[in-house]
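Visitor: I would like to understand how the terms used for a structure follow from the numbers. Please show me one to start with.

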Amino acid sequence: LNSINLKNHPELVRLLEDGEELADLLKLPPDQLLLRWFNYHLKNAGHAPISNFGKDVHDSEAYTVLLHQIAPDTCDTSAMAMSDLTQRAQRVLDNGERLNVHGFIKPSDIV
């Protein structure tokens, strides 16, 4: 997470909220920047924001929406039709693989 900063990713300036200065954004720790980025994409997809990377993502819905939002031609939303949360999480990981993101987590880590 330490590589998540404005120097390495100047596009993060899009994450500024109304009335917020660049200095405020620069003060955020990497995990909060990541959360802000995640919610930026969820908002653009018309999805409710998350407040943490624990219980708010355990059902894989937010991950599914995020991946589809950033790569709609590559990542589908078929996980949303699955009732089994472990299968849903596996579908999220499968979508990540399609983006050449090789994870070190298992579906049970998400659920």
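Visitor: Which residues in α2 meet which residues in α3?

Guide: This is a predicted model. In it, W37, F38, H41, L42 and N44 in α2 meet A62, Y63, V65, L66, Q69 and I70 in α3. Contact here means heavy atoms within 4.5 Å.

Visitor: What kinds of residue make up the contact of α2 with α3?

Guide: The residues of that contact divide into 8 nonpolar, 3 polar and no charged.

Visitor: Why are α2 and α3 called roughly perpendicular to each other?

Guide: Two packed helices are described by the angle between their axes and the distance between the axes. For α2 and α3 the angle is about 75°, and the axes are 9 Å apart. Angles of 65 to 115 degrees count as roughly perpendicular. The angle of about 75° falls in that range, so α2 and α3 are roughly perpendicular to each other.

Visitor: What makes α3 roughly parallel to α4?

Guide: α3 and α4 pack at an angle of about 25°, with their axes 9 Å apart. Angles under 35 degrees count as roughly parallel. The angle of about 25° is under that limit, and therefore α3 is roughly parallel to α4. The crossing of these helices, α3 and α4, is left-handed.

Visitor: Which residues meet where α3 and α4 pack?

Guide: From α3 there are E61, Y63, T64 and L67, and they meet R88, V92, N95 and G96 in α4. By class, the residues of this contact are 3 nonpolar, 3 polar and 2 charged.

Visitor: How do you know which residues line the largest pocket, and which are closest to its centre?

Guide: The largest pocket has a volume of about 740 Å³. A residue counts as lining if it has an atom within 4 Å of a pocket point. There are 22 residues in the lining, and Y63, L67, L93, V101 and I105 are the closest to the centre.

Visitor: Which helices supply the lining of the largest pocket?

Guide: α2 (30–44), α3 (61–70) and α4 (85–98) each supply at least two residues. The largest share, 6 residues, comes from α4. By class, the lining has 16 nonpolar, 4 polar and 2 charged residues.

Conventions:
Residues are numbered from 1 along each chain as its sequence is written. This is a predicted model: local features need pLDDT of at least 70, side-chain atom pairs count only at pLDDT 80 or more; totals for chains, interfaces and linings use all residues. Side-chain values use heavy atoms; hydrogens and water are left out. On a 1 Å grid over the protein atoms alone, a cavity is a set of points where a 1.4 Å probe fits but cannot get out, and a pocket is an open set with protein on both sides within 12 Å along at least five of seven lines; lining residues have an atom within 4 Å of a point. Grid points are joined across faces, edges and corners, and a volume is the space filled by probe spheres set on the points. Helices (H or I, at least four residues) and strands (E, at least two) are DSSP runs, numbered from the N terminus. Ala, Val, Leu, Ile, Met, Phe, Trp, Tyr, Cys and Pro count as nonpolar, Asp, Glu, Lys and Arg as charged, and the others, Gly among them, as polar. Axes are lines fitted to C-alpha atoms, for helices over the stretch in contact, and angles run from 0 to 180 degrees between N-to-C directions. Angles under 35 degrees count as roughly parallel, over 145 as roughly antiparallel, 65 to 115 as roughly perpendicular and the rest as oblique. A crossing is left-handed if the near helix is turned anticlockwise from the far one by less than a right angle, and right-handed if clockwise.
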